[in-house]
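Subject: Structure for your review

Dear colleague,

Please find the structure below, followed by an account of what was found in it.

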Amino acid sequence: MASNSLERLLSEVRACQLCAKHLPLPPKPILHVSHTARLLIVGQAPGLKVHNTGIPWNDPSGDRLREWLQMSRETFYDARQIAIIPTGLCYPGKGPSGDLPPRPECAPRWHPPLRAELPKIRLTLLVGAYAQAYYLGPKRLPTLSETVRRWRDFLPDYFPLPHPSPRNRHWLAARPWFESEVLPALREWVNAVLKGPYPPH
């Protein structure tokens with residue numbers, strides 16, 4: 001159950017036409033929130049499959065993210081525990097090498113009021129460069145690899161991750177430290193957020 005103020009805000013979000021003229025399809029903001037959520041996942045923007053189904057991370061990238069987290073779909077989509085707000089809320093369209101970037105108007109307009117309605121968030125997963133750029137700003141390192149490898153520097157508020165897109169399989173293969181070092185820590189922190197004790201020892 002959302003609070004009344006969150007319900008009103010979500011009505012505004014879902015009626016948003018801010019960047020409609022730039023989108024290939026009618027605006028369809030896709031997010032998943034509750035005022036009781038303790039973990040926030042911020043990704044890039046919905047892909048076409050997510051746009052069509054209306055379910056965030058309902059694609060191969062989501063399957064890999066859930067694998068990284070060792071989390072069931074049931075837990076992942078439990079809005080009482082986990083909020084999902086992409087950097088851009090609507091499908092931005094296709095570019096020459098995949099989906100276009102999130103629309104730049106979106107996060108500054110909607111993330112601050114949405115975050116204000118999520119008082120119990122303990123940890124935010126920043127999935128991909130666009131989420132890290134918005135939330136970390138000048139604190140992020142020159143490359144995504146450096147930012148992810150220095151994940152400890154951003155705790156307890158943020159945990160930076162690469163995007164789990166199948167297109168990033170070469171990035172992952174070239175950086176075995178991500179699987180051996182980062183993923184165990186990610187799971188430990190997420191489990192502590194959801195199940196306690198928090199923070200992890």
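**The pockets and their surroundings**

The lining of the largest pocket divides into 19 nonpolar, 11 polar and 5 charged residues (Ala, Val, Leu, Ile, Met, Phe, Trp, Tyr, Cys and Pro count as nonpolar, Asp, Glu, Lys and Arg as charged, and the others, Gly among them, as polar). Please note that this is a predicted model, in which local features need pLDDT of at least 70 and side-chain atom pairs count only at pLDDT 80 or more, while totals for chains, interfaces and linings use all residues. Residues are numbered from 1 along each chain as its sequence is written, and side-chain values use heavy atoms, with hydrogens and water left out.

The largest pocket holds about 790 Å³ of space. A pocket here is an open set of points on a 1 Å grid over the protein atoms alone, where a 1.4 Å probe fits, with protein on both sides within 12 Å along at least five of seven lines; lining residues have an atom within 4 Å of a point. Grid points are joined across faces, edges and corners, and the volume is the space filled by probe spheres set on the points. Of the 35 lining residues, Gln44, Ser61, Asp99, His163 and Ser165 are the closest to the centre of the largest pocket. At least two lining residues come from each of helix H2 (48-53), helix H3 (60-69), strand S3 (94-95), strand S4 (98-99) and helix H6 (129-136); helices (H or I, at least four residues) and strands (E, at least two) are DSSP runs, numbered from the N terminus. H2 gives the largest share, 3 residues.

Serine 165 lies in the loop between strand S6 (158-161) and helix H8 (169-173). This serine 165 is buried, with a relative accessible area of 14% (buried means under 20% relative accessible area, with a 1.4 Å probe and protein chains only). Not counting residues up to four places away in sequence, serine 165 touches Ser61 and Arg64, where contact means heavy atoms within 4.5 Å.

Helix H9 (176-195) supplies the largest share of its lining, 5 residues. By class, the lining of the second largest pocket has 5 nonpolar, no polar and 5 charged residues.

**Other elements and the whole chain**

Proline 200 is found in the segment after H9 and is buried, with a relative accessible area of 17%. Leaving aside neighbours within four places in sequence, proline 200 is in contact with Glu188, Trp189 and Ala192.

In helix H5 (residues 106-116), the buried residues are Cys106, Ala107, Trp110, His111 and Leu114. They cover an arc of only 105° around the axis, and therefore lie on the same side of H5; the arc is that of the directions from the helix axis to the C-beta atoms. Their cover includes helix H1 (4-14), strand S1 (39-42) and H6.

The protein chain has 9 helices and 6 strands. Its radius of gyration is 16 Å, close to the 17 Å that the globule rule gives for 201 residues, so the chain is as compact as a globular protein of that length (the radius is taken over C-alpha atoms, and the rule is 2.2 Å times the number of residues to the power 0.38). Buried residues make up 49% of the 201 residues.

Yours sincerely

Notes
Buried < 20%, exposed > 50% of the residue type's maximum accessible area, 1.4 Å probe, protein only.
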